[in-house]
Amino acid sequence: LAAAAPSVTPAGQELARQLRAQERAHATELARLAKQPAPTQPDLSPAAAERVLAAHGIDVALDALRSERQWFTLLESLERLLEGVHFQALGRLTNPAHATLLARIMASEAQHSTLLLSFNNPQNIQLDVSEGQIKGRVR
């Protein structure tokens, strides 16, 4: 949705598209390791997307997002959610290859977070790296 939002600049839309493509690649690889079919892109209305987000603790009214900053703040929240899910899963994995893949995906998620924070805070390096990355923990 952020990649098509009219309030998001072309550079922001491109970043959102690239991040979405990487997230899809992560999901496909995790599904392959779990011997599950590759996930498909759900065709969600904004209301359905809001319900899915709310079920994961992200309460947002998508039609109220009026600026690129608001969209990227939402994407930052999604990255933190993914980091947390991956972190919890990592402790349950017993296969070293699976744990290595998940650790690599988590490193990619950290890069995504940094990109999003940097995009939202281009002049303030203090805000460009999430607290979890500085202290080695997930928020």
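Predicted model: local features only at pLDDT ≥ 70, side-chain atom pairs only at ≥ 80, totals over all residues.
Local features need pLDDT of at least 70 and side-chain atom pairs count only at pLDDT 80 or more, while totals for chains, interfaces and linings use all residues. Residues are numbered from 1 along each chain as its sequence is written, and side-chain values use heavy atoms, leaving out hydrogens and water.

**View A. Helix H1 packs against helix H4.** H1 covers residues 10–33 and H4 residues 96–120. Helices here are DSSP runs (H or I, at least four residues), numbered from the N terminus. The packing angle is about 170 degrees, and the axes lie 11 Å apart. That makes H1 roughly antiparallel to H4 (over 145 degrees). Axes are lines fitted to C-alpha atoms over the stretch in contact, and angles run from 0 to 180 degrees between N-to-C directions. H1 passes H4 in a left-handed crossing (the near helix is turned anticlockwise from the far one by less than a right angle). Contact means heavy atoms within 4.5 Å. On the H1 side, the residues include Leu 15, Leu 19, His 26 and Leu 33. H4 contributes, among others, Leu 101, Ile 105, His 112 and Phe 119. By class, this contact has eleven nonpolar, six polar and three charged residues. Ala, Val, Leu, Ile, Met, Phe, Trp, Tyr, Cys and Pro count as nonpolar, Asp, Glu, Lys and Arg as charged, and the others, Gly among them, as polar.

**View B. H1 also packs against H3.** The angle is about 15 degrees, with the axes 12 Å apart. That makes H1 roughly parallel to H3 (under 35 degrees). The crossing is left-handed. The classes are six nonpolar, two polar and three charged.

**View C. H3 packs against H4.** Their axes are 9 Å apart, at an angle of about 160 degrees. That makes H3 roughly antiparallel to H4. This crossing is left-handed. The contact has 14 nonpolar, five polar and six charged residues.

**View D. The largest pocket is lined by 35 residues.** Nearest its centre lie Arg 20, Glu 23, Gln 41, Leu 78 and Leu 82. H1, H2 (46–55), H3 (68–90) and H4 each give two or more residues to the lining. H1 gives the largest share, ten residues. By class, the lining has 23 nonpolar, seven polar and five charged residues. A pocket is an open set of points on a 1 Å grid over the protein atoms alone, where a 1.4 Å probe fits, with protein on both sides within 12 Å along at least five of seven lines; lining residues have an atom within 4 Å of a point.

Terms used: Parallel < 35°, antiparallel > 145°, perpendicular 65-115°, else oblique.
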